[in-house]
Amino acid sequence: MSTWEAEADLVVVGSGVAGLTAALDAAALGLRVLVVTKDAVDSGSTRWAQGGVAVVVGDVPGDSVEAHVADTLTAGAALCDPAAVASILRDGPAAVARLRARGAVFDTEDPRVGPGIGTAGGRLARTREGGHSAFRVVHAGGDATGAEVERALVAAASDSRLPLLTGHLAVDAVRDERGHVTGLAVLDDHGRPGVLRAPAVLLASGGYGQMYASTTNPETSTGDGVALALRAGATAADLEFVQFHPTVLYDGPATGRRPLVTEAVRGEGAVLLDRAGTRFMTGVHPLADLAPRDVVAAAITRRMLEAGTDCVYLDARALEDFARRFPTVFGACREAGIDPVREPIPVTPAAHYACGGVVTDANGRTVAPGLYAAGEVARTGLHGANRLASNSLLEGLVVGARVARAVAADRRVLREAPTLAPSPVVPIAPRGVVQRAMTGAAGIGRDGAGLAGASDAIEAATGIGVPVDRAGVEDAALTLIAQAVLAAAGTRTESRGCHVRSDFPERDDVWQRQSLEIALDATGRPVVQTSNVQVGAA
């Protein structure tokens, strides 16, 4: 029995770029909105995004939205939804303009002084990242784009007096007898339950990088949203495609969140070297060090295995004014005792971005009435088998705004009817067991025996219980998502994008444009339901 209740037209779970964009737009449309986040309002993944926002605004000669679409489809390894890609990228310029109108300050170029950070005039400064055919990534604070985006949106939410419920964890969707979502069950930091009644719930809770021992993701990224959606009757797809960022700062064996070395460092001229000081990307891909992330991460992993080393090196010594252009990276390096101006930076891949998630159309609707998803938690069809660098913030801005309009268009009145309580009993494995199993068997380079062994190890350590606090809810989510990722990865007998099978090293046309959809069976176990997911265009 809940100890308290509240009511709104829309409950938003998560306070990153997608969640706050949707909340602000929905409030502007006259909806009563409540934002729920399990930590501080700015504690999610958005503020850690370094590179920028990939967008074509029309002032770079030779670049076009069509070229951006082509680059995205190439990076996605034939698993993107072309209609969704074109639709989302086409809306990018307007979305960035709205963000700037809300106070976000991007770096600009002053022709008199060259590139500037936070300068008052001139066109937007650009950088280039892996997989992009042009300099189209706009950035803020050098390499602090996510922090500036989050700052601007939090300030706008404060100015709008948007209700924010921090320190509250989303546990499960509440549904009526028809299966329609009618609210959200939550726990506060003291384990006290509550119910937020609403005819619309938006999941914008981020990814599941904490499923791995080493990740760029913050502690909040435990897959809660995907697990909640599956239990509410929605489906997920492309979960096997977990993107490993090629260049995370290596300062010895460590677990948890690791400092990112943004791809823009390579975009502006840095190159990868092995232990002997030899460049190794030139013969791997036509774009060499600027190849798509899956290619670079796999090449680094191979070179480390061949040389028996724990890292490779990123040589940025030729870059001018490194500390000013990349202050976040510079600070992380100096804290680790590394001077990137005088020595190469030791780097290694780490779990970074979930390309798949809750299946939605291009407006954030799921198959569960009243449930929406946007941002990293969602699978819109934009990313396919591998995310193109800096498309994520753009997706959050575009789809977040679309969800607000969709909720307004779908506006429903809560029925006074009995609600179906979420199932209180769920499988839970210790987090350490999950992380060791997934890191060892479901990272870069997988095979059927390893995937099966990881599933067995998690299953053997799994018990049935009722989560009563944040740790329990998060561990239950990680347990469910890990088994879902293993089921999808074991089924996909090919290598494509982020999913690399050592026992099936080549692409197989049988899987061309085939996404594996995951749902829960009658026992609550994730199963591969179908292999032909299609999402709607705008």
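User: With which side chain does the side chain of R387 make a polar contact?

Analyst: In this predicted model, R387 sits in the loop that runs between β22 (378-379) and α11 (391-409). Leaving aside neighbours within four places in sequence, its contacts include Q243, R293 and Y353. The polar contact, at 3.1 Å, is made with the side chain of H352.

User: Which side chain of opposite charge is nearest to R387, and how far away is it?

Analyst: A salt bridge requires a side-chain nitrogen of Lys or Arg within 4 Å of a carboxyl oxygen of Asp or Glu. R387 is buried yet has no such partner, and the nearest side chain of opposite charge is E263, at 6.8 Å.

User: Is R325, which forms a salt bridge with E268, buried or partly exposed?

Analyst: The closest N and O atoms of R325 and E268 are 2.9 Å apart, and the pair links helix α9 (residues 322-325) to the loop between α7 (264-267) and β17 (271-273), 57 residues apart. E268 is partly exposed, with a relative accessible area of 31%. The cut-off for burial is under 20% relative accessible area, so R325, at 13%, counts as buried.

User: How many residues apart are D39 and R470, whose side chains meet in a salt bridge?

Analyst: The N to O distance in this salt bridge is 2.7 Å, and both residues belong to a network of salt bridges that also includes K38, D224 and R431. D39 lies in the loop between β3 (33-37) and β4 (53-54), whereas R470 lies in helix α14 (residues 470-491), and the separation between them is 431 residues.

Technical notes
Residues numbered from 1 in each chain as written. Predicted model: local features only at pLDDT ≥ 70, side-chain atom pairs only at ≥ 80, totals over all residues. Heavy atoms only, no water. Helix = DSSP H or I, 4+ residues; strand = E, 2+ residues; numbered from the N terminus. Buried < 20%, exposed > 50% of the residue type's maximum accessible area, 1.4 Å probe, protein only. Lys, Arg positive; Asp, Glu negative; His and termini not counted. Polar contact = N/O pair within 3.5 Å; in protein donor to acceptor, adjacent residues only side chain to side chain. Contact = heavy atoms within 4.5 Å.
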